[in-house]
Amino acid sequence: MSTGTTKLDVVVSDVVPVNELVTRFHFRRRDGQMLPTFSGGAHVVVEMRDGDRTRLNPYSLMGSPLDTREYTISVRRDDVGRGGSLFMHRSVKPGLEMVISYPVNLFSLDLRARKHLMLAGGIGITPFMAQTAQLAGEGGNFELHYTCRTASLGTYADVLRERYDRRIRLYHDDRDERIDLDRLLSTQPLGTHLYVCGPAGMINWARDRAASLGWPSEAVHFEHFAAPQPGLPFDVTLAVSGKTIRVGEQQSLLEAIEAAGVDPPYLCRGGVCGQCETNVISYDGKFIHNDHWLSEEDHRSGCKIMPCVSRFEGRSLVLER
Amino acid sequence: MAAKSIISRPVYGTLSPQPGKHHLFIADAEGALAISDMAAGAPAGFFDGAEIVFIPGPDGKHVDALEALKPGQFHQAPSFASVLPRLKQTLSNAHMGLRLYLAGTEGLIGQAMQVALEAGIDHTSMQTEHRGSLARRMQCVHCKGITENVTTQPATCSHCGLLLLVRDHYSRRLAAFQGVCINAEDRSEIPPMEEAFP
Ligand code: FES
């Protein structure tokens with residue numbers, strides 16, 4: 001078991017198709033108890049036993065933190081991805097027993113904020129479902145701007161509109177509706193915090209505009225679920241356990257290490273939390289760092305790697321653990 | 001520059017130009033020099049949209065240096081108390097993108113910070129630079145009275161008259177250092193008073 005990722009035995013209590021790409025999954029505890037409390041923005045890591053392969057994918061909890069009888073997540077089907085979302089869509093049915101991690105929050109609300117300005121893109125809406133429910137319960141001041149490709153792919157847009165009315169603004173790509181970001185950012189009262197969840201491009205755009213318009217970085221929060229990128233297979237030696245293992249094309253370094261029976265720490269599996277940081281003992285080749293955690297200097301030094309998203313090309317790689 | 005001792009003791013930096021849409025400077029006495037020094041490295045036109053609020057102090061120096069920067073707005077005031085209503089007004093109408101720069105004595109920085117915190121600016125996103133006197137704003141923990149410009153150790157509370165040890169323990173909420181009775185056991189014991197915060 002990994003640091004910070006204590007596990008929960010759950011059963012799938014419901015599977016609900018939401019639209020042509022998104023399906024919602026409900027989990028309850030197998031022993032009938034309440035699930036642990038969480039705060040808006042938290043995610044769980046879902047273990048998927050797919051034949052002899054185990055996949056671990058993080059998904060945001062989207063139910064209200066005020067109701068812990070069940071957890072709900074929404075999964076967008078990715079037909080060209082590594083298969084986790086397809087497994088969820090095809091093989092996960094009500095009654096299936098699964099294992100998920102305790103909730104971890106790397107995208108929490110800063111409750112000192114005077115106002116919460118939220119930007120969601122596509123399936124990036126899920127953490128905001130829980131955050132808006134939390135804030136609405138506390139009488140918090142928020143405003144959500146949500147961009148989606150088409151109205152029918154505006155996952156939960158109708159639910160949100162019904163619940164929060166004008167606090168929700170929708171933008172549809174197919175109607176060429178765009179967020180006027182500079183105007184939006186420049187008209188927020190002092191003490192506003194910005195939260196962004198969506199594709200990398202959207203996050204970078206928002207962070208960049210916010211920084212140049214004078215938003216302090218402490219007031220800008222973002223969450224990006226980066227799936228590990230595939231690449232050429234490579235071999236890695238783990239100095240502490242003395243194991244040499246092969247990292248497959250579709251496998252992340254972290255997944256290969258886990259498959260070899262080692263239990264390394266992780267929280268986000270997306271290169272942002274820093275939990276999986278590992279020291280490099282020696283290498284001959286080049287790193288493909290895909291993380292957002294290490295500094296550029298760390299990347300250049302070749303002394304550290306984040307096994308959840310980063311890869312390697314070359315002759316040999318020895319990691320500490 | 002004030003030394004760092006315990007955790008609540010504020011640490012100050014060096015002013016540097018931040019990206020932003022509005023720049024608000026609040027300074028007293030030699031804090032003006034921190035602004036001029038920063039101006040040397042600021043991009044052209046930086047002060048066009050800036051507002052400087054300056055409390056020159058008794059000797060009235062440095063006003064010309066600040067005016068020479070040609071800020072969009074320049075205000076001079078006799079005391080922090082006199083700029084307070086205006087500052088509150090400015091901050092309550094302000095939007096994200098306003099950057100705050102505080103320079104001068106700890107009393108000025110602390111009090112301006114207190115108002116800015118109430119307005120929703122995080123203390124880590126304010127630029128601060130300590131210049132000039134080390135005089136402290138002190139709260140007597142016994143009578144809760146605030147004494148401004150404390151330069152000695154120990155110091156006499158201007159409200160209840162107790163002799164206080166001026167601690168490094170700082171309250172951001174009060175913008176003041178804590179003063180604790182130094183001779184509580186035996187009032188006849190009077191330790192020598194030294195100029196500790198010139
Ligand atoms: S698990 Fe979070 S950075 Fe790797």
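Start with chain B: select strand 2 (residues 50-55) and strand 3, which pair in the parallel sense over four bridges. Strands are DSSP E runs of at least two residues, helices are H or I runs of at least four, and both are numbered from the N terminus; two strands pair if DSSP finds at least two bridges between them. Show V53(B), and you'll find it opposite H75(B) in strand 3 of chain B.

A note before moving on: this is a predicted model, where local features need pLDDT of at least 70 and side-chain atom pairs pLDDT 80 or more, while totals for chains, interfaces and linings use all residues. Residues are numbered from 1 along each chain as its sequence is written, chains are lettered from A in the order written, and side-chain values use heavy atoms, without hydrogens and water.

Now widen the selection to the open sheet of chain B: five strands in the order 3-2-1-4-5, with parallel pairing. Strand 3 (73-76) and strand 5 (127-130) of chain B are at the edges with a single partner strand each, so one side of each has no neighbour in the sheet.

Next, hop to the interface. Chain A and chain B each put 18 residues into the contact (heavy atoms within 4.5 Å). Zoom in on R112(A) and D122(B): they form a salt bridge, with the closest N and O atoms 3.4 Å apart. The rule here is a side-chain nitrogen of Lys or Arg within 4 Å of a carboxyl oxygen of Asp or Glu, and across this interface it finds one.
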